[in-house]
Amino acid sequence: MSVSERPSGAVAPGQVRAGAFDVGLLGHGTVGAAFAGLLAERAEAVERATGRRPRLSGTLTRSEGDFEQILASSEAIVELIGGVEPAREYLLRALRAGRHVVTANKQLLSHHGEELFQAAREGGAQLRFEAAVAGVVPVIRVLSESLAGAHVERVHGIVNGTTNFILTEMAGGASYEQALAEAQRQGYAEADPSEDVSGKDAAAKMAILARLAFGTPVHIDQVTYEGIERLQTDDLQYARELGLGLKLVGTAERRDGGLSVRVHPAFLYGDHPLASVGGPFNAVTVESEAITEITMSGPGAGGVQTASAVLGDLISTMLPPPAGWAGSNGWAGPNPPLPLVGDVPSAFYIHIELADRPGALAAVAQALGDQGASIKSVVQRGLGERARLVMVIHPLAESKLREALERIGELDFLRSTPRAIRVIEEEFT
Ligand SMILES: NC(=O)c1ccc[n+]([C@@H]2O[C@H](COP(=O)([O-])OP(=O)(O)OC[C@H]3O[C@@H](n4cnc5c(N)ncnc54)[C@H](OP(=O)(O)O)[C@@H]3O)[C@@H](O)[C@H]2O)c1
């Protein structure tokens, strides 16, 4: 970066100076407008904490502002546009020119994180993104700073508030369609909810968490994900009788010398730390031998809440970073990529609709047993032509479960395609 690219009055990384701290704001929507309001409201408190008074040097939307002018007149850029382009282009330019960047953009980070981290290193700038995962819950800071010395084994949690709200409504008896409509009415779901309900939003967040937890590049394309669109209210009701509640769970874990990063609906027992997280809340659990386990929870979205996380990051960029620090990217480049592991064993809940004939249960048990499955609990509901078998099996590789379900699906007394949902088996006391 050439010195002439720095804004007039800007300081080199590591230096502190008095006076105003100019912030360029890209995007003035739900979060951007809340951030602008919060910045004005908290400017004095921030000045007391950092010695510098933050102020907006310019705002860019689709209809107003000029990026070149904002870049030239700012020490830090706050990106709240969302999406990949033009946000990527703007942030690469800003970082390479030595401007600190604060962003809430999980899609951009999960697709182009390595390119952005590299640009931050080149420019000697900080890249911070607390608001990109779990809103105001400080999981990024905890993973990248507080737990930087821990050997993290697993990070898992509820990282999408929209789907958690929908599942909470469904647990109360609402259908998927009713729960989604209520989420839209209360502003928790967008008019087009596909990114949330398909699991893609959670997958982007899990890619970011995996990158930080394991210090290795993880792209969103390496995350397997499955959403909540096909869940049925009766599955939640039957599962409740087995002591289970349903959540959309993201997991990033070390496994067999590699990594598994995935998002899927999962049943949890009532004493699991994530089981009590209801409504639009998020929660993330970090596990490591040294720290045992830490669970953080709180509001996962909302303009004011997200803006608060953004302002926290901005304040960090106003303080002198240790030499070589590139924000949440840590001290250096990432470790080499780890192989991704598929076909992870899991316990499963299985729902089967069948005609109640002699030997029906035995035939289902045989098909499961042939694949090595062992049944933990089973409940039969109803009689005659539309009886239901609801069971939980002990952990089994997904490929084996699929084979067993295919066999069961071919039995002539079956009345609908069998459904299976993973169960997180650990019981917490
Ligand atoms: N909303 C939340 O609760 C929440 C929570 C966590 C993270 N986030 C993240 O925060 C970011 C912003 O979300 P949001 O909900 O505030 O979005 P939003 O309400 O849709 O606002 C987007 C803003 O960006 C501007 N913009 C869009 N395309 C642009 C372009 N090509 N050039 C310049 N400006 C452009 C829009 O301009 P106009 O005003 O002209 O339309 C608008 O001001 C996203 O990355 C999102 O994932 C949001």
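Reading a predicted model, feature by feature

Colleague: Are Asp 256 and Thr 292 buried or exposed?

Modeller: Exposed means over 50% relative accessible area. Asp 256 has 71%, so Asp 256 is exposed. Thr 292 has 60% relative accessibility and therefore counts as exposed.

Colleague: Back to helix 10. Which of its residues are buried?

Modeller: The buried residues of helix 10 are Thr 233, Asp 235, Leu 236, Tyr 238 and Ala 239.

Colleague: At what angle do helix 6 and helix 10 pack?

Modeller: Angles of 65 to 115 degrees count as roughly perpendicular. Helix 6 (residues 161-171) and helix 10 (residues 233-241) pack at about 70°, and their axes are 9 Å apart. Helix 6 is therefore roughly perpendicular to helix 10. The crossing of helix 6 past helix 10 is right-handed.

Colleague: Which residues make the contact?

Modeller: Helix 6 contributes Leu 167, Met 170 and Ala 171, while helix 10 contributes Thr 233, Leu 236 and Arg 240. Sorted by class, the contact of helix 6 with helix 10 has four nonpolar residues, one polar and one charged.

Colleague: How many aromatic pairs does the structure hold?

Modeller: The structure holds four aromatic pairs. A pair counts as stacked when the planes are under 30 degrees apart. The ring centres of Phe 67 and Tyr 90 are 4.2 Å apart and the planes lie at 25°, so this pair is stacked. Phe 67 is in helix 2 (residues 67-72) and Tyr 90 in helix 3 (residues 87-96), 23 residues apart, and the pair links distant parts of the chain. Both Phe 67 and Tyr 90 are buried.

Colleague: What are the distance and the angle between planes for Phe 267 and Tyr 349?

Modeller: The pair of Phe 267 and Tyr 349 is tilted, with 4.8 Å centre to centre and 55° between the planes. This pair also links distant parts of the chain, with Phe 267 in strand 9 (residues 258-269) and Tyr 349 in strand 12 (residues 346-354), 82 residues apart. Phe 267 has 0% relative accessibility and so counts as buried. Tyr 349, at 0% relative accessibility, counts as buried too.

Colleague: Strand 12 also holds Ser 346. What is Ser 346 in contact with?

Modeller: Leaving aside neighbours within four places in sequence, Ser 346 is in contact with His 394, Pro 395, Leu 396, Arg 422 and Val 423. Ser 346 has 11% relative accessibility, so Ser 346 counts as buried.

Colleague: Where is Leu 109, and what does Leu 109 touch?

Modeller: Leu 109 is in helix 4 (residues 106-123). Leu 109 is buried, with a relative accessible area of 6%. Not counting residues up to four places away in sequence, Leu 109 touches Thr 103, Leu 116, Leu 127, Phe 129, Ala 132 and Ile 208.

Colleague: Which peptide bond is cis, with omega near 5°?

Modeller: The bond from Glu 85 to Pro 86 is cis, with omega near 5°. Pro 86 lies in the loop between strand 3 (76-79) and helix 3.

Notes:
Residues are numbered from 1 along each chain as its sequence is written. This is a predicted model: local features need pLDDT of at least 70, side-chain atom pairs count only at pLDDT 80 or more; totals for chains, interfaces and linings use all residues. Side-chain values use heavy atoms; hydrogens and water are left out. Axes are lines fitted to C-alpha atoms, for helices over the stretch in contact, and angles run from 0 to 180 degrees between N-to-C directions. Helices (H or I, at least four residues) and strands (E, at least two) are DSSP runs, numbered from the N terminus. Angles under 35 degrees count as roughly parallel, over 145 as roughly antiparallel, 65 to 115 as roughly perpendicular and the rest as oblique. A crossing is left-handed if the near helix is turned anticlockwise from the far one by less than a right angle, and right-handed if clockwise. Contact means heavy atoms within 4.5 Å. Ala, Val, Leu, Ile, Met, Phe, Trp, Tyr, Cys and Pro count as nonpolar, Asp, Glu, Lys and Arg as charged, and the others, Gly among them, as polar. Rings of Phe, Tyr and Trp (its six-membered ring) pair if their centres lie within 6.5 Å; planes under 30 degrees apart count as stacked, over 60 as edge-to-face and the rest as tilted. Buried means under 20% relative accessible area, exposed over 50%, partly exposed in between (1.4 Å probe, protein chains only).
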